[in-house]
Amino acid sequence: MINKAIIKQHLKSNFILWLILIIMPALFVNLIIPLTVNQSGGTPVSITEILQLVIFTSIGFEIPLIYVIIASNKIMVGEVQTGRITYVVASPLKRTTIINTKIIFMVSSLFIGFILNIILTAPVITMNASKIDLTMGVFITQLAGMFLLLFMMCSITFMASTYFNKAVWSYVVGAGLPILFFILSMLSSVPALEATKYISLNSLYNETIVYVFKDNKFVLASASKWFGQYFAMFAIGTIVFIASAYVFKTKDLLL
């Protein structure tokens, strides 16, 4: 069960931030593909590797992550610290309804952003299909992996925001861990520091394993190569969200 009033309130307070940050990947894709194709002089363009570097390992993850960190903290620890949550809890609403509504809002905002990015990028990919080495299937699968990575990071920031009563600690843990995982994942590209990938959850998302090169195109690889990692991200995120709900239902909200 969810509460429409809570959804409406969170939507009003986060919509502009969501709109600006979540659709950034689509904006960059719509900028990069035409520019690259126009500069190619009519020859086929290797766009897959460019998007891998620009979208799926940096901008496409980092910018939406800002939304995840800010929104998660605003709707949980922000309301605890201001005392607003005590009024909500004192209402006839059950704690289960309150926390489930907040979780559904966060997950839905990410999922709708994922769908919106597909809708906004489909035309430019389709129109340039003969000029680039990227297929729509590969792009959607990579985008789905990025969504699941953000979903998993969102569960961590949401748990921190639920567990702590002070925003400073929520940000230290909830923002610190995803940033640390990202840094460790980047460091793992250095041969001497390759072992750092084993302590970074970001390593669960390897955007290069979803495609294989065939007939001058990167086509979708067998699901057996990437499904395990995708399922792991989904499972970890789901478990942490469930744990967040338990923490909220049992915690003392008196400041």
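How close do the axes of helix 2 and helix 6 come, and at roughly what angle do they cross? Notes below, starting with the ground rules.

1. Ground rules. This is a predicted model, so local features need pLDDT of at least 70 and side-chain atom pairs count only at pLDDT 80 or more, while totals for chains, interfaces and linings use all residues. Residues are numbered from 1 along each chain as its sequence is written, and side-chain values use heavy atoms, with hydrogens and water left out.

2. Helix 2 on helix 6. To settle the opening question: the axes come within 9 Å and cross at roughly 5°. Here axes are lines fitted to C-alpha atoms, for helices over the stretch in contact, and angles run from 0 to 180 degrees between N-to-C directions. That makes helix 2 roughly parallel to helix 6 (angles under 35 degrees count as roughly parallel, over 145 as roughly antiparallel, 65 to 115 as roughly perpendicular and the rest as oblique). On the helix 2 side, the contact (heavy atoms within 4.5 Å) uses Pro25, Ala26, Val29, Asn30, Ile33 and Pro34; helix 6 answers with Asn117, Leu120, Thr121, Val124 and Ile125. By class that is 8 nonpolar, 3 polar and no charged residues (Ala, Val, Leu, Ile, Met, Phe, Trp, Tyr, Cys and Pro count as nonpolar, Asp, Glu, Lys and Arg as charged, and the others, Gly among them, as polar).

3. Helix 3 on helix 9. This pair packs at about 175°, with axes 12 Å apart, which makes helix 3 roughly antiparallel to helix 9. Thr57, Phe61, Glu62 and Leu65 of helix 3 meet Pro178, Phe182 and Met186 of helix 9.

4. Helix 7. Helices (H or I, at least four residues) and strands (E, at least two) are DSSP runs, numbered from the N terminus. Helix 7 covers residues 136–163, and its end C-alpha atoms are 40 Å apart, which agrees with the 40 Å that its 28 residues should span at 1.5 Å a residue (the expected span is 1.5 Å times one less than the number of residues). Of those 28 residues, 24 are buried, so helix 7 is largely enclosed by the rest of the structure (buried means under 20% relative accessible area, exposed over 50%, partly exposed in between, with a 1.4 Å probe and protein chains only).

5. The core. The largest nonpolar core holds 64 residues, and Leu51 and Tyr67 have the most contacts inside it (such a core is a set of buried Ala, Val, Leu, Ile, Met, Phe, Trp, Tyr and Cys residues joined through side-chain atoms within 4.5 Å). Helix 7 gives the most to this core, with 15 residues.

6. Leu51. This residue sits in helix 3 and, at 1% relative accessibility, counts as buried. Leaving aside neighbours within four places in sequence, Leu51 touches Val29, Ile32, Phe56, Leu134 and Phe139.

7. Tyr205. Look in the loop between helix 9 and strand 1 (211–214) for this one; at 6% relative accessibility, Tyr205 is buried too. Tyr205 and Gly145 are 60 residues apart in sequence yet 6.3 Å apart in space, C-alpha to C-alpha. Not counting residues up to four places away in sequence, the contacts of Tyr205 include Gln142, Met146, Leu149 and Tyr230.

8. Asn73. This helix 3 residue counts as buried at 2% relative accessibility. Gly78, Ser161, Ser170 and Tyr171 are its contacts, not counting residues up to four places away in sequence.
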